[in-house]
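Me: I want a close look at one part of this structure. Start at a single spot, then work through the surroundings and finish with the whole chain.

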Amino acid sequence: MTLEIGKDYAELSAKTAEIILEQVRKKPEAVLCLAAGDTPRMAYQMLAENARATQLDLSKCTFIGLDEWIGIPPENPGSCASFLATNLFNPLAISSDQTFLFDAMSRHPEDECRKMDRIIQSKGGIDLILVGVGMNGHIGFNEPGVPQDLGAHLVALDDITKNVGQKYFDQHTPLGYGITLGLRHFLESRKAVMIASGEKKAGVIKRALQGPITREMPASIIRRHANAVVVLDEGAASELT
Ligand code: F6R
């Protein structure tokens, strides 16, 4: 695992955007799985600006959804689908046949999980997975206690995730379950990138990178990945020794 520390959020975002750009330059038909959430927002803006300026062709890429709130429709601005459309797919002119997201409104969410496992397999696996880190150490919706051999699965969300998740919604929104790729997908991805910004994440980053590798701290699994990069800003790195 390599560690890169930018001085602030803008530098972290520039480094993150460059990692994704480099992947697409190297393999134009890359299979990408990119998180939603506040942390990658500026990286996606920078990615879109750079791709436009350099006329980088992303039309052969495939985008796999990392996770979604069960019961939240894609039109809801707080959904991961809406975030990805607004911040990534629309600015990059990604067509809908390039994107494979969880249908969180499905009456058969278990089938959605198996479908996503099959899609990833049929695409030859994920080239690059980019995850943020939750305040409880989750990556995707892999909550504390999750086994590392799971593929896509349904999850009863942790209280921290349900509370922190309110920040994505205009009004209080009951959140109960999530649907997510599993740690198996994370570990099998050819490259894994984890990003975190700000002092509020410093404690969790300290535990993830310098505490025990344990299922109670899902983000710590990145240290088992053979080709992983962690990108932080100085705030998120401030408790590392
Ligand atoms: C979102 C996701 C979550 C977030 C994490 C950090 O698709 O998978 O695991 O990455 O909760 O969220 P932010 O970036 O908002 O701090």
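Reply: Gln55 sits in the loop between α2 and β3. Helices (H or I, at least four residues) and strands (E, at least two) are DSSP runs, numbered from the N terminus. This is a predicted model, in which local features need pLDDT of at least 70 and side-chain atom pairs count only at pLDDT 80 or more, while totals for chains, interfaces and linings use all residues. Residues are numbered from 1 along each chain as its sequence is written, and side-chain values use heavy atoms, with hydrogens and water left out.

The phi angle of Gln55 is near 50°, a positive value in a residue other than glycine. Its relative accessibility is 70%, so Gln55 counts as exposed. The cut-offs are these: buried is under 20% relative accessible area, exposed is over 50%, and partly exposed is in between (1.4 Å probe, protein chains only).

Ala93 is another residue with positive phi, near 55°, and is not a glycine. Its place is the loop between α3 and β5. At 64% relative accessibility, Ala93 counts as exposed.

Helix α3 spans residues 80–89 and is mostly covered, with eight of its ten residues buried. Those buried are Cys80, Ala81, Ser82, Phe83, Leu84, Asn87, Leu88 and Phe89. They pack against β2 (31–34), α2 (41–54), β3, β4 (67–69) and β5. Contact here means heavy atoms within 4.5 Å.

On to the sheet. Seven strands form an open sheet in the order β1-β10-β9-β6-β2-β3-β5, with parallel pairing. The edges are β1 (2–6) and β5 (99–100), each with a single partner strand, so one side of each is left without a neighbour in the sheet. Two strands pair if DSSP finds at least two bridges between them. Strands of a sheet pair through backbone hydrogen bonds, either parallel or antiparallel.

Strand β3 (residues 62–64) runs parallel to β5, and two bridges join them. Ile64 has Phe100 of β5 as its bridge partner. On the other pairing of β3, three bridges join β2 to β3, again in parallel. There, Val31 stands opposite Thr62 in β3. In β2, Val31 and Cys33 point one way and Leu32 and Leu34 the other way, and all are buried. In a regular strand the side chains alternate between the two faces of the sheet.

At the other end, look at β10. All six of the six residues of β10 (residues 228–233) are buried, so this strand is largely enclosed by the rest of the structure. Ala228, Val230 and Leu232 lie on one side, Val229, Val231 and Asp233 on the other, and both faces are covered. Five bridges join β10 to β1, running parallel. Five bridges also join β10 to β9 (residues 191–196), again in parallel. Val231 takes part in both pairings: it is the bridge partner of Glu4, and Ile195 stands opposite Val231 too.

One more loop residue is worth a stop. Ile70 lies in the loop between β4 and α3. At 26% relative accessibility, Ile70 counts as partly exposed. Leaving aside neighbours within four places in sequence, Ile70 is in contact with Ala104, Pro109, Leu154, Tyr177, Gly178 and Ile179. The C-alpha atoms of Ile70 and Asp103, 33 residues apart along the chain, are separated by 8.4 Å.

Finally, the whole chain. The protein chain holds seven helices and ten strands. A compact globule of 241 residues would have a radius of gyration near 18 Å, and the chain has 16 Å, which agrees. That radius is taken over C-alpha atoms, and the globule rule is 2.2 Å times the number of residues to the power 0.38. Along the principal axes, the C-alpha atoms fill a box of roughly 45 × 40 × 35 Å. Of the 241 residues, 54% count as buried. Among contacts with a separation of 6 or more, 78% join residues 24 or more positions apart.
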